[in-house]
Amino acid sequence: MQRKHGLFLLGVAVWNFITWGMFTKNLYAAHSAGEDRPAGYWIAHTVLIVINPVPGGVFAALGCEGAPLPASSPAVSEPHS
């Protein structure tokens with residue numbers, strides 16, 4: 001995998017976790033406000049909230065594998081002979 005693909009997957013993972021947090025917050029606020037929705041709505045969206053971090057974790061793992069951090073250079077380099 002090319003580095004640009006790994007960075008893309010990391011970006012998708014970050015986006016996934018940000019939207020997951022917003023979605024969770026909004027669904028909780030709607031439930032707390034007593035919005036009148038069918039039970040299937042709450043069940044389906046709760047299942048999505050529980051499952052959604054899985055693809056985000058997979059994307060993050062694949063992205064880290066495809067876009068490794070550059071190796072750190074040694075503090076003192078050895079002279080070449």
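Predicted model: local features only at pLDDT ≥ 70, side-chain atom pairs only at ≥ 80, totals over all residues.
User: Why are Arg37 and Glu35 called partly exposed?

Analyst: Buried means under 20% relative accessible area, exposed means over 50%, and partly exposed lies in between (1.4 Å probe, protein chains only). Arg37 has 37%, so Arg37 is partly exposed. Glu35 has 36%, so Glu35 is partly exposed too.

User: How many helices and strands does the protein have?

Analyst: The protein has 3 helices and 0 strands. Helices are DSSP runs of H or I with at least four residues; strands are runs of E with at least two; both are numbered from the N terminus. Along the sequence the pattern reads α-α-α.

User: How do you know that the span of H1 is close to the expected one?

Analyst: Set the two values side by side. The expected span is 1.5 Å times one less than the number of residues. H1 has 30 residues, which gives an expected 44 Å. From first C-alpha to last, H1 reaches 43 Å. Just after H1, Gly34 takes a positive phi of about 80 degrees.

User: Why is Asn16 called buried?

Analyst: Asn16 sits in helix H1, residues 3–32. Its relative accessibility is 6%, so Asn16 counts as buried. Leaving aside neighbours within four places in sequence, Asn16 is in contact (heavy atoms within 4.5 Å) with Asn52, Pro55 and Gly56.

User: Which other residues of H1 are buried, and what covers them?

Analyst: Besides Asn16, the buried residues of H1 are Gly6, Leu9, Ala13, Leu27 and Ala30. Their cover includes helix H2 (39–51) and helix H3 (53–66). Across the protein, buried residues make up 16% of the 81 residues.

User: Which residues does His45 touch?

Analyst: His45 lies in helix H2. Not counting residues up to four places away in sequence, His45 touches Phe23 and Leu27. His45 and Thr24 are 21 residues apart in sequence but 8.9 Å apart in space, C-alpha to C-alpha.

User: What makes the aromatic pair edge-to-face?

Analyst: A search of the whole structure finds 1 aromatic pair. The rings are those of Tyr41 and Trp42, with centres 5.0 Å apart and planes at 85 degrees, so the pair is edge-to-face. Rings of Phe, Tyr and Trp (its six-membered ring) pair if their centres lie within 6.5 Å; planes under 30 degrees apart count as stacked, over 60 as edge-to-face and the rest as tilted. Tyr41 has 24% relative accessibility and counts as partly exposed. Trp42 has 16% and counts as buried.

User: Which residues make the nonpolar surface patch?

Analyst: Met1, Val54, Val58 and Leu62 make a patch of about 370 Å². Patch residues have over 30% relative accessible area and no salt bridge; like charges are joined within 9 Å, and nonpolar side chains (Val, Leu, Ile, Met, Phe, Trp, Tyr) within 5 Å. Val54 lies in helix H3. At 54% relative accessibility, Val54 counts as exposed.

Technical notes
Residues numbered from 1 in each chain as written. Heavy atoms only, no water. Areas by Shrake-Rupley, 256 points an atom, 1.4 Å probe, with all protein chains shown as cover. Salt bridge = Lys/Arg side-chain N within 4 Å of Asp/Glu carboxyl O.
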